[in-house]
2 protein chains.
Amino acid sequence: MALSPLAPAAFPELPVVDGVTFAAGAAGVRYKGRTDVMLAILAPGSAVAGVFTRSATRSAPVLDCQAKIGGDPSGPAAILVNSGNSNAFTGRNGVEAVEALTTAVEQVTGVAKARVFTASTGVIGEPLPYDRITAKLSELSDGQSAEKIADAARAIMTTDTFPKGAAATVDVNGKPVRIAGIAKGSGMIAPDMATMLVYIFTDGLIEQGALQSLLSGINDRTFNCITVDSDTSTSDSLIMGATGASGIDVTGSDDFAQALHGIMLDLAHQVVRDGEGATKFVTISVTGAADDADARKVAMAIANSPLVKTAIAGQDANWGRVVMAVGKSGAAADRDKLSIRFGDITVAENGWRAPNYSEDAASAYMKNPELTIGVDLGLGDGQCTVWTCDLTHGYIDINADYRS
Amino acid sequence: MALSPLAPAAFPELPVVDGVTFAAGAAGVRYKGRTDVMLAILAPGSAVAGVFTRSATRSAPVLDCQAKIGGDPSGPAAILVNSGNSNAFTGRNGVEAVEALTTAVEQVTGVAKARVFTASTGVIGEPLPYDRITAKLSELSDGQSAEKIADAARAIMTTDTFPKGAAATVDVNGKPVRIAGIAKGSGMIAPDMATMLVYIFTDGLIEQGALQSLLSGINDRTFNCITVDSDTSTSDSLIMGATGASGIDVTGSDDFAQALHGIMLDLAHQVVRDGEGATKFVTISVTGAADDADARKVAMAIANSPLVKTAIAGQDANWGRVVMAVGKSGAAADRDKLSIRFGDITVAENGWRAPNYSEDAASAYMKNPELTIGVDLGLGDGQCTVWTCDLTHGYIDINADYRS
């Protein structure tokens, strides 16, 4: 698979986060010649928060994680993730697999089963050969290192063309707190509550309830604002662990919240940049809606429209399709108050083409790899920004025969 | 544009419907070397019913038609349609264009402006050069013939690869009543209230209110049950004219309603068969939902899923993506009661892969040009059937540079 043309120049330098260690291995669940499993271990007392897909057909590991979030944090915690098989819609076998994996982690690492969070990502509906993973647990336990987070990011990739990471060191009351996160995701991306697989770690000190509230709020403005193809995964999971190893209380810190927001937005953007077949990174900014919910409807209708996305792929300034998407969104809209901008160019306003509209200028703008489509509905103060990519032949190539 | 591989063998023989005549011409609105405008004239007293898009950005001709449906039926009526430009999001110019066209039809044909229904289909947002159409009205008026309905069907095509028609002669109380319809549509197909452009004519006798009620009801089970790409047009219009020329009262006739349903379903299926880039005609049949509304949500979530549609294009029996679509639909669903069939093959049941599942059998089935995906939710009596096509490189080819 060729590297996405929108990929960052390099995987970022991620700082060591005190209190968490990682290891990755090659269990051969589905892929050959690469790592496909990662194990992270968090220090006793770590707060663990999570946000998960709301899919009615969510996977066995998602259900298990949801049941465990918020439990007694006194012991250590572990996160075990495999790629190549999602253990979704695998019935009794799926539940057995989670039970077997979490039991084996407890036996090998001493982390209580109730604090072992698993995730699986890949093909849906095939029984997970979990024995291949349990066979690797001793190796993963022995190999734990605070410096292997990049290996973990690589092990969880599926159709991703690059590993995804982001980090910050933030001063809280004059002392440094570290946050580092990794993510995977490329297709089946239209998060509803959470998205893809994302793991974020900090050595800041914060209680589970406060961490959960912070994480859910930022999630609504980051991962829940991206879409590649309007399809929502059965495995979406975002888990954050706060080890408290720095001894610095970050509860209520605006600086911490802002840094965390930056990391989550960065990871969310990286998922869009690695959207299957993507050649354009597109920001859809909607203002002037009756309320924020309507703005979101309009932004997502544009971001998910196959006709808007193919026009962008063809570098065609076909703003009429943006009008179409506004019209079908279900949000309150008045044709004659609507205005549309491509970058800084106003292409339509007051119910028709802008008086100074230049097809040449609009077409030239569309050649940029990063585009902004601005829509003002002229009705109220509601606003929403979402991020998406274009729909290309590459998407069809990747998905017309994903399983073989 | 190559003919869709799913096209019918030939355009059907459409019977003459007493009381309505047609003519088509080449106005050069956008296309060269083909007809692009059609005028139909209906006898005095004809009942005219219509169903239109609910898009918030619907076109000037749609708004004009909606205002006129249900008006005084004593005089004759006319339908004027052009292709190549949709006169949508054209502001004041759009209203002027409709005014100029309907006034010109009144002057040339004597049909009162209040009974002239216009429609435009094609690119959104470009001012309609309506003078090119008015210049052709004398020719279209002089050329009226009861036998030119096929010419009318060809003149309204845009990205369609074949003209669409369907007809029936139905016995009502032992006497023959004729119904004939034409349609256009290929992309931007996810009707919400009506769809594309469809014109149906009958010589049956029925009052406007009864005709409207019949048409709206059948529309919900035909055109509102198809989707090509989830994008809803700004121009969707379905108009039916009943001339009454047969003198046979069809009000309340089950035979008439059934024949009309057959024609509307046939035309709806033809639109899917001509879906942009389509190589597969797919029936999605959902049963066992909590109610019909939930069944529709599930059926449309499957029919609009890019991942399901690309798997079908690749002839990949990837039923896990059907599970995903059920999960994201928002309908009540219980993973462990869900069963999925591809044709007669049960691929999944009771929350996982069917015990006798054979990848070879499922893959062989996927090679058929016509496929049925059956989903039973195991919860209640709700059901819905919708029709769609696959998502292929052809769709990207057509839409990545539609305007040039």
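1. At roughly what angle do the axes of helix α6 (residues 208-221) of chain A and helix α7 (residues 254-273) of chain A cross? In this predicted model, the two axes cross at roughly 45° and come within 10 Å. The helices α6(A) and α7(A) are therefore oblique to each other, and their crossing is right-handed.

2. The residues that form this contact can be named. From α6(A), A:L214, A:I218 and A:N219 take part, and they meet A:A257, A:L260, A:H261 and A:M264 of α7(A). Sorted by class, the contact of α6(A) with α7(A) has five nonpolar and two polar residues, with no charged residues.

3. Helix α8 (residues 292-304) of chain A packs with helix α10 (residues 320-328) of chain A at an angle of about 130°, and their axes are 8 Å apart. That angle makes α8(A) oblique to α10(A). The crossing in which α8(A) passes α10(A) is right-handed.

4. In this second pair, A:V298, A:A301 and A:I302 of α8(A) meet A:V322, A:A325, A:V326 and A:K328 of α10(A). The contact of α8(A) with α10(A) has six nonpolar residues, one charged residue and no polar residues.

5. Within helix α7 of chain A lies A:A259. With 23 other C-beta atoms within 10 Å, A:A259 is buried. Apart from neighbours within four places in sequence, A:A259 is in contact with A:A168, A:V170 and A:I179.

6. In chain B, the length of helix α7 (residues 254-273) can be checked. At 1.5 Å a residue, its 20 residues should span 28 Å, and the end C-alpha atoms of this helix are 28 Å apart, which agrees.

7. Which residues of α7(B) are buried? They are B:F256, B:A259, B:L260, B:I263, B:M264, B:L267, B:A268, B:Q270, B:V271, B:V272 and B:R273. The buried residues of α7(B) pack against one helix and several strands of chain B, namely α6 (208-221), β6 (164-172), β7 (175-184), β8 (197-202), β10 (281-289) and β15 (382-389).

8. The loop between β6 (164-172) and β7 (175-184) of chain A holds A:N173. This residue is not a glycine, yet its phi is positive, near 55°. A:N173 counts as exposed because it has 10 C-beta neighbours inside 10 Å. In chain B, B:N173 is found in the loop between β6 and β7. Its phi is positive too, about 55°, although B:N173 is not a glycine. With 10 other C-beta atoms within 10 Å, B:N173 is exposed.

9. Turning to the interface, 52 residues of chain B are in contact with 53 residues of chain A. On the side of chain B that touches chain A, the elements that give two or more residues are α2 (91-109), α9 (306-313), α10 (320-328), β13 (352-353) and α12 (393-399) of chain B. The largest share of that side, six residues, comes from α10(B). By class, the residues of the side of chain B that touches chain A divide into 20 nonpolar, 22 polar and ten charged.

Key:
Residues numbered from 1 in each chain as written. Chains lettered and ligands numbered in written order. Predicted model: local features only at pLDDT ≥ 70, side-chain atom pairs only at ≥ 80, totals over all residues. Axes fitted to C-alpha atoms, helices over the stretch in contact; angles between N-to-C directions. Helix = DSSP H or I, 4+ residues; strand = E, 2+ residues; numbered from the N terminus. Parallel < 35°, antiparallel > 145°, perpendicular 65-115°, else oblique. Left-handed = near helix turned anticlockwise from the far one by under 90°. Contact = placed C-beta atoms within 7 Å. Nonpolar A, V, L, I, M, F, W, Y, C, P; charged D, E, K, R; others polar. Expected span 1.5 Å × (residues − 1). Buried ≥ 20, exposed ≤ 12 C-beta atoms within 10 Å, placed from the backbone.
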